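Keep the viewer open as you read.

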Amino acid sequence: MTKSPFWRRFTRNKGALAGIVVLAIVVVVALLGPWIATNDPWGMVQQPFLRPWTEPGFALGTDTLGRDILSGMIYGARISLLIGAVSTVVALLIGITLGAVAGYFGGLIDSALMRFTEIFQAVPSFALAIVLVAIFQPSVGSIVTAIAIVSWPPVARLVRSEFLTLRQRDFVQAALLAGQSTPRIILTQILPNAMSPIIVMASLMVATAILLESSLSFLGLGDPNQMSWGYMVGSARTVLRQAWWMALFPGLAIVLTVLALNLVGEGLSDGLNTRLDGRTK
Amino acid sequence: MKRLQFMLTRVLQGLVAILLIATVNFMLVRAAPGDPVSVLAGEAGASDAQFVAQLRTQFGLDQPITTQLATYLGKVVTLDLGFSYRQQQPVLKLIVDRLPATLLLTGSAFVLSLLFGVTLGALSARRAGTWVDSSITVVALIFYATPLYWLALMAVLVFTVQLAWLPGFGFSTVGSGLTGLALAWDIAQHLLLPALTLALFYMAVYARMTRAAMLDVAQMDFVKTARAKGVKPGRILRAHVLRNALLPVVTLAGIQAGGMIGGAVLTETVFAWPGIGRLMFDALLQRDYSLLLGSFLVTAAMAVLFNLITDLVYTLVDPRIELT
């Protein structure tokens, strides 16, 4: 079996390989969550402040209310990945739409849309996310919306610049002459050719979205019905001096997941970059 | 003359941006849970119908929405950001009181991150492909993936709880009665951990960017020319490569400086640093929406201001920039 050039370039990047293994583990844990978690993440199942590795079945100890930390982390993986993926998809939809329209039509539409994007980019994104979630009350929906609203501008700029150059290419002129409709040209001619950088950016956006979600829930702006890594670290903050493990383990989960996503993003960037062929980098 | 015109346009654009952000802020106030009047009445500690009607007139909430918006923007222009009933103080005064601490924290973090980031990035580019390069890359990747607040907590755990080297709480030692240099030293000790933890994430960003930009610039023709002329490698690196690679890093840093104030919410929360970030966190806990939105507006305005300053510095540093 011959390996595809993409896969060959991807696997040449050792970090990306490690990243995809870690990411696969996190995804499996998230998918199987309810079946592998031994306890309800909210249930007070043991004595509070139980140290890790002291009681069988509670490998990572319990928190201030006697909830099982390992089970909480397993459920946290679900919500982190869910919010990371969905908010990225929403941000991509907004960003691709605005960027494609701006880049394809150019002129006044372009400059108006880009001004709009610039203003959004000037606002500190984390502060805006805090305000949005606080005003619309924390829930999975409001968190996804807030993260999408602060993450779309770079996508719009990237898609716009791709469209600006691709618009001039011969195959677009040919499609125009063939009488294809504008939406069809945008969706079936130009967009597929602009996909590579968008995919790379998307994988990095999932990582940023997970960091944002965990920061929001650390501040108490997580969905109150979902156990999340940020919430666990946040509730351990005040007892840090007595109970280091409550903050340490969920935080490590965040670092590993985000690191894995960033590494995979770099691997995708290598894999989709055909110019790297035949070069050892 | 052209430069003056350029600056004026940029300033005008900045003002428009701030007014637009204020408009969004106004809409968010309206979207806040509960009728604003009943919220206000509740905060003032009374809720009979007559008082509510009186408040409605007093705050102009019986006016059409466009008039209300105009009134609100007029207030923002005159720096009236409303009143916090929880803290019984005008929002602007609360923010101005906290501003110096936030500026000290973000300013120090900004300088630290740029200093370490550019140094590490340059070192990494100079030794590209060696173990120095790989270890710097790994360290940068890890800090880039670490949540600010968690890094801050771990720093407290190690340096305050375990080693007891540095204080991990507050702005200065409470009730120490220190003055002058002793006070400055005390504040510096309190500043070190929050500033470092805030700086490390951005350091990672700048290190990666400096490395990439330097490797890019090193391929360019003028570098080859310099090498062919026999300029010493160290001088090529400093005067030719680094200098040109710094431009994109500086631009990014200017954009990030505004974002740092947002990130400061997390650091200030962990370290009980009395800045705007901590103020926002307290406002969140107390559901004090006027204070929350006021702090957000000031944060956004500062970000716009930093961008503006970067733009101006940029045109001064790089004469090639088109003034449009």
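Helix α11(A) is largely enclosed by the rest of the structure, because 21 of its 29 residues are buried. Here a residue counts as buried if 20 or more other C-beta atoms lie within 10 Å of its own, as exposed if 12 or fewer do, and as partly exposed in between, with C-beta atoms placed from the backbone. Helices (H or I, at least four residues) and strands (E, at least two) are DSSP runs, numbered from the N terminus.

A word on conventions: this is a predicted model, in which local features need pLDDT of at least 70 and side-chain atom pairs count only at pLDDT 80 or more, while totals for chains, interfaces and linings use all residues. Residues are numbered from 1 along each chain as its sequence is written, and chains are lettered from A and ligands numbered from 1 in the order in which they are written.

**Chain A as a whole**

Chain A has 11 helices and zero strands. Its C-alpha trace spans about 75 × 55 × 30 Å along the principal axes, and 47% of its 281 residues count as buried. Take the contacts in chain A between residues at least 6 apart in sequence: 70% of them join residues at least 24 apart. Two residues are in contact if their C-beta atoms, placed from the backbone, lie within 7 Å.

**Helix α11(A) and its partners**

From its first C-alpha to its last, α11(A) reaches 42 Å, close to the 42 Å expected at 1.5 Å a residue; the expected span is 1.5 Å times one less than the number of residues. Axes are lines fitted to C-alpha atoms, for helices over the stretch in contact, and angles run from 0 to 180 degrees between N-to-C directions.

| Helix pair | Angle between axes | Distance between axes |
|---|---|---|
| α3(A) and α11(A) | roughly 30° | within 11 Å |
| α11(A) and α6(B) | about 120° | 8 Å |

Angles under 35 degrees count as roughly parallel, over 145 as roughly antiparallel, 65 to 115 as roughly perpendicular and the rest as oblique. Therefore α3(A) and α11(A) are roughly parallel to each other, whereas α11(A) and α6(B) are oblique.

Which residues of α3(A) meet α11(A)? They are A:I69, A:M73, A:G76, A:A77 and A:S80, which meet A:M246, A:F249, A:P250, A:A253 and A:T257. Ala, Val, Leu, Ile, Met, Phe, Trp, Tyr, Cys and Pro count as nonpolar, Asp, Glu, Lys and Arg as charged, and the others, Gly among them, as polar.

Across to chain B, A:V255, A:V258, A:L259 and A:N262 in α11(A) meet B:L141, B:I142, B:Y144 and B:A145 in α6(B). The residues of that contact divide into seven nonpolar, one polar and no charged.

**The wider interface**

In total, 39 residues of chain B are in contact with 31 residues of chain A. On the side of chain B that touches chain A, the largest share, nine residues, comes from α10(B). That side has 31 nonpolar, eight polar and no charged residues.

**A loop residue to look up**

A:D68 lies in the loop between α2 and α3 of chain A. Is A:D68 buried or exposed? A:D68 is buried, with 27 other C-beta atoms within 10 Å. Beyond its neighbours within four places in sequence, A:D68 is in contact with residues including A:T38, A:V45 and A:F58.
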